[in-house]
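Please keep the sequence and the coordinates at hand while reading.

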Amino acid sequence: MASTLALHGKLPQNDGKDWHVFYNFVGAVPGSTDLFVALKRFLKEIEYVDDSHMPKDLDTAAQLCSGALSNSNIRPVILVVDALNQFDDENAALSVTWVPRKLAPQVRCIFSMIYDTPQHKVLMAREPPAKELRLTPLDMNERQAIVKNYLGRFNKSLDDEQMQILLAKELSENPLWLSIACEELRVYGNFRKLTEKIRSLQDGLFDLEKQVMDRLRAENGGELLVAAMSLLEVANRGLLETELLKLLGDEGNLFPSTDGEEKKDNDKEKSTEMLPAYRWAEVYRGLHVFLRPFGDSGEGRLDFYHRSISKAVRQKYFDEIEENNNVGDQRLPFANSEEAYSWWHRKLADFFEGEKNLDRQLEEYPYHLTELGDHKRLKEFLVNWDVVEALYDVEFSARLLSIWHKAAIPGPEVEQAYVEAMENYKNSTNSTNDQDLSLRYEKTSRILTQEGRFTAAMRLAEAAMEIEKQSARPERLAELYHLLGFIGDEEMRLEEYMLRTHLPRIRVIIDNLSKSIEYRKQFDTAEHKRKMGRALNRLAFYYSGWAGRGGDSTMDATTAKDLAIKAVDESIEVFSELGDEVFKADATTTKGVCYLRPCPEQIQCYKEACECLLRSIGENHVLVERLYLNMGIYYEEAGDTNQAYTYFRKWYLVCCNIFGDKHPRTKRSISTLNEATYKQIAAMCGDPVPDVTE
């Protein structure tokens with residue numbers, strides 16, 4: 001479906017503009033099951049964000065995508081996703097938070113998915129529900145045509161009786177079952193017993209696939225074929241053909257002995273030779289019917305071409321081991337499925353532990369260690385500096401932290417691992433360059449900040465600062481003072497309210513951001529200006545927070561408010577110069593906050609920011625969520641509860657779209673709408689009041 005749209009090339013225009021067709025076949029190539037990768041590719045293709053605004057984590061990408069798909073100013077786009085339910089099991093994927101409840105007029109979304117999956121339930125539960133078109137089973141004429149065309153390519157055919165027997169099977173209405181059945185008949189060599197063979201075909205998709213596996217095991221490689229399919233099943237992103245050949249080449253140790261240990265051939269080391277070509281040809285002859293080579297590496301990445309085959313392999317060689325071990329020719333040297341999974345995951349973990357290609361190692365090694373619960377090796381791997389450098393991102397190291405989180409390693413252990421790694425490096429003979437040590441302190445500090453380990457992050461940032469004060473390099477001092485301010489800022493965000501007792505912490509943040517800005521002013525690059533603009537924006541926020549809490553003897557409230565307005569005006573000027581409408585609008589929102597009390601200047605700032613944000617990024621964005629909340633507060637404090645309700649309801653709807661119904665921010669908006677005043681207004685407007693207990 002997607003390829004047809006993509007290749008057609010001449011779709012009717014939308015208001016004189018050509019449609020852009022974006023498509024994603026989930027599971028077709030490495031990385032296609034990663035929603036984060038798919039959303040970033042989509043946002044880049046439609047030119048919604050540039051590299052400087054590219055999202056750093058899945059939640060942000062989902063928010064941006066939701067905003068794009070509801071933005072009436074983006075180019076006409078048709079988004080096609082095949083197998084929506086096969087994205088990796090992340091909350092944004094399961095809840096489909098990246099698709100807004102209401103699409104922009106020039107946006108079309110076409111999704112295929114299995115009925116009654118979480119994604120299907122979510123989309124059909126929305127108001128209004130998605131338009132649903134159920135694919136019907138093949139009718140008899142379609143089935144006959146498929147069989148004739150498939151076998152006809154090999155100059156083979158069925159007589160009328162054979163065709164009737166085949167199509168009388170219930171699962172012949174399923175295209176995949178029918179194609180597998182046709183392939184089984186194509187390779188069957190005994191013409192006289194072909195009718196009997198047709199009758200013997202299992203009338204169930206998984207049952208037929210497992211029946212084929214039994215035949216292949218008997219005819220094409222025996223244990224080697226079982227090992228190949230098991231390795232492919234537990235692999236995270238498929239296996240390169242060369243990798244599979246190396247793994248199978250160690251034939252003496254492919255399976256455990258009866259006591260559960262690896263077999264040893266005269267105590268020799270494990271083989272590092274590839275499986276001989278003639279042996280691989282025998283295995284591949286049977287295996288290829290289930291495989292799809294993919295990727296552009298030239299080496300041939302192997303994986304199962306359909307999820308049902310993967311499920312059948314899991315049933316056959318993992319989940320049904322105890323049952324199959326009662327059948328002589330089906331026995332495998334595992335007591336249960338857990339033992340089998342552990343064996344094959346350990347095989348791949350040991351194999352990829354020595355992988356020289358870091359990109360490939362990152363795809364497989366941490367995944368298998370996580371599945372094994374091998375936290376010792378996983379920690380050692382994730383603090384390896386080559387790995388840190390590969391996965392580090394100054395804004396948010398999403399991939400690195402997701403590995404820690406999927407392994408369920410708690411924050412204190414993450415902190416301990418990185419702190420010990422830095423201490424070991426500092427005390428090692430490798431640590432001879434203070435500038436390198438400073439950079440490592442900084443990057444590790446940012447990672448721990450992103451993980452929410454603020455105390456340790458602050459200590460590491462201060463250690464970096466001590467080194468940089470010796471060399472007095474302005475650029476490094478600008479970065480580190482910004483980092484110190486950022487850590488304090490992130491920690492303050494955890495507080496539900498800013499209190500007067502927080503003034504000492506606010507003072508530290510103000511001092512660090514101010515120093516960073518002063519050093520940053522010495523540089524004229526766009527990147528330095530962008531960072532300075534963001535620092536000025538946060539500085540203004542904390543000056544206004546200082547003023548709102550009454551100030552103290554070192555700086556009174558009036559002075560703090562004036563400094564807040566001055567800082568935010570500079571921020572707006574910087575982003576205007578850079579042509580960055582989004583951050584300029586966010587700074588304009590902050591300027592409204594800086595006025596502290598309802599006034600014409602405050603609401604004017606909010607209206608300007610609103611117009612700019614809706615024009616630039618659409619409604620479903622975290623910056624608009626922040627703005628609607630502040631506009632609701634403005635009207636509430638001004639005594640206009642009807643207008644306050646309007647914006648609090650908009651706030652709630654945006655929260656639902658970008659965060660989902662269960663997010664803390666959404667729950668806060670629901671709580672606001674359940675206040676007595678707003679419930680009365682909702683009743684007069686005929687609006688449903690969201691349930692605060694949900």
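In helix H31, the residues Tyr645, Phe648, Arg649, Trp651, Tyr652, Cys655, Cys656 and Phe659 meet Arg665, Thr666, Arg668, Ser669, Ile670, Thr672 and Leu673 of helix H32; contact here means heavy atoms within 4.5 Å. Helices (H or I, at least four residues) and strands (E, at least two) are DSSP runs, numbered from the N terminus. The model is a predicted one, in which local features need pLDDT of at least 70 and side-chain atom pairs count only at pLDDT 80 or more, while totals for chains, interfaces and linings use all residues. Residues are numbered from 1 along each chain as its sequence is written, and side-chain values use heavy atoms, with hydrogens and water left out.

H31 spans residues 641-659 and H32 spans residues 664-673; their axes come within 9 Å and cross at roughly 155 degrees. Such axes are lines fitted to C-alpha atoms, for helices over the stretch in contact, and the angles run from 0 to 180 degrees between N-to-C directions. H31 passes H32 in a left-handed crossing, that is, with the near helix turned anticlockwise from the far one by less than a right angle; clockwise would be right-handed.

Three strands make up an open sheet in the order E1-E2-E3, with parallel pairing. Its edge strands, E1 (20-25) and E3 (107-111), each pair on one side only; two strands pair if DSSP finds at least two bridges between them. On average, neighbouring strands of this sheet are turned by 10 degrees against each other, direction ignored. Strands of a sheet pair through backbone hydrogen bonds, either parallel or antiparallel.

Between E1 and E2 the parallel pairing extends over 6 bridges, and His20 stands opposite Val77 in E2. On the other pairing, 5 bridges join E2 (residues 77-82) to E3. Here Leu79 has Cys109 in E3 as its bridge partner, and Val81 stands opposite Phe111. Of the 6 residues of E2, 5 are buried, so this strand is largely enclosed by the rest of the structure; buried means under 20% relative accessible area, exposed over 50%, and partly exposed in between (1.4 Å probe, protein chains only). Helix H2 (residues 35-45) lies across E1 and E2, running at about 165 degrees to E1.

Asn85 lies in the loop between E2 and helix H4 (91-95). Is Asn85 buried or exposed? At 17% relative accessibility, Asn85 counts as buried. Its side chain reaches the backbone nitrogen of Ile114 at 3.1 Å. Apart from neighbours within four places in sequence, Asn85 is in contact with Ser112, Met113, Ile114, Thr117 and Gln119.

Glu413 is found in helix H21 (residues 411-427). Glu413 has a relative accessible area of 29% and is partly exposed. Between Glu413 and Lys379 there are 34 residues in sequence and 9.1 Å in space, C-alpha to C-alpha.

How values were computed
A polar contact is a pair of N or O atoms within 3.5 Å; within protein, one must be able to donate a hydrogen and the other to accept it, and residues adjacent in sequence count only if both atoms are side-chain atoms.
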